[in-house]
Amino acid sequence: MPQEPNSDCNCGVPQLCAADRNCPIDWDSELHEFQLGDFEGRQSWVIRYCFNCGKPLSGSKRADLFFEMNAIEVDDVQRRFKSIQSVEALVHQLGEPDVCTSTGGEDVDWPHDLSNEERAYLTYLRYWTTVDVMVPVEKGNLAGFICSPRRK
Ligand SMILES: [Zn+2]
């Protein structure tokens with residue numbers, strides 16, 4: 001029996017890929033999403049349409065768990081971070097981070113010596129209500145910033 005054009009994927013290929021350890025597709029059971037990962041667990045991207053049959057992979061619980069990022073707040077983040085080039089400039093402009101996470105993933109007190117950290121994160125929460133900003137720091141140097149939706 002043919003499926004409706006807008007019906008969800010029912011081909012089973014994403015589930016097979018998610019079960020295969022050698023495939024970069026993962027199933028996030030909390031968010032109810034298939035995700036494409038980078039094998040190192042550092043980044044992932046949500047897959048909204050099946051890569052095999054092209055139909056929607058709906059049912060995500062993301063909207064239940066996270067705020068939708070407010071465009072004004074996202075603009076504010078981009079404006080604040082546009083000219084920041086160093087940890088010193090970051091702390092001068094935004095103050096101490098709300099959370100400092102070491103390379104191993106544990107939260108540490110601020111101030112913290114970041115020069116030997118392979119990849120630490122400084123997180124700023126207090127300026128916005130719908131976004132969290134994580135600033136990766138690699139061996140003391142800023143490595144961009146990550147603006148993500150705040151968990152409800
Ligand atoms: Zn499919």
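1. Two strands pair if DSSP finds at least two bridges between them. Strands here are DSSP runs of E, at least two residues long, and helices are runs of H or I, at least four; both are numbered from the N terminus. Strand 1 (residues 25–28) and strand 2 (residues 33–37) run antiparallel, joined by four bridges.

2. Some ground rules. This is a predicted model: local features need pLDDT of at least 70, side-chain atom pairs count only at pLDDT 80 or more, and totals for chains, interfaces and linings use all residues. Residues are numbered from 1 along each chain as its sequence is written.

3. Strands 1 and 2 form a hairpin, with four residues between them. His-32 sits in the turn and has a positive phi of about 55°. Trp-27 stands opposite Phe-34 in strand 2.

4. The largest nonpolar core has eleven residues, including Val-77, Leu-90, Cys-100 and Leu-114. Such a core is a set of buried Ala, Val, Leu, Ile, Met, Phe, Trp, Tyr and Cys residues joined through C-beta atoms within 7 Å. Strand 6 (120–124) and strand 7 (131–138) each supply at least two of its residues. Strand 7 gives the largest share, four residues.

5. Which residues does Val-77 touch? Not counting residues up to four places away in sequence, they are Trp-128, Val-131, Val-133 and Cys-147. Contact means C-beta atoms, placed from the backbone, within 7 Å.

6. Val-91 lies in helix 4 (residues 87–94). Val-91 counts as partly exposed because it has 15 C-beta neighbours inside 10 Å; buried takes 20 or more, exposed 12 or fewer. Its C-alpha atom is separated by 9.9 Å from that of Leu-122, 31 residues apart along the chain.

Note on methods. Contact = placed C-beta atoms within 7 Å.
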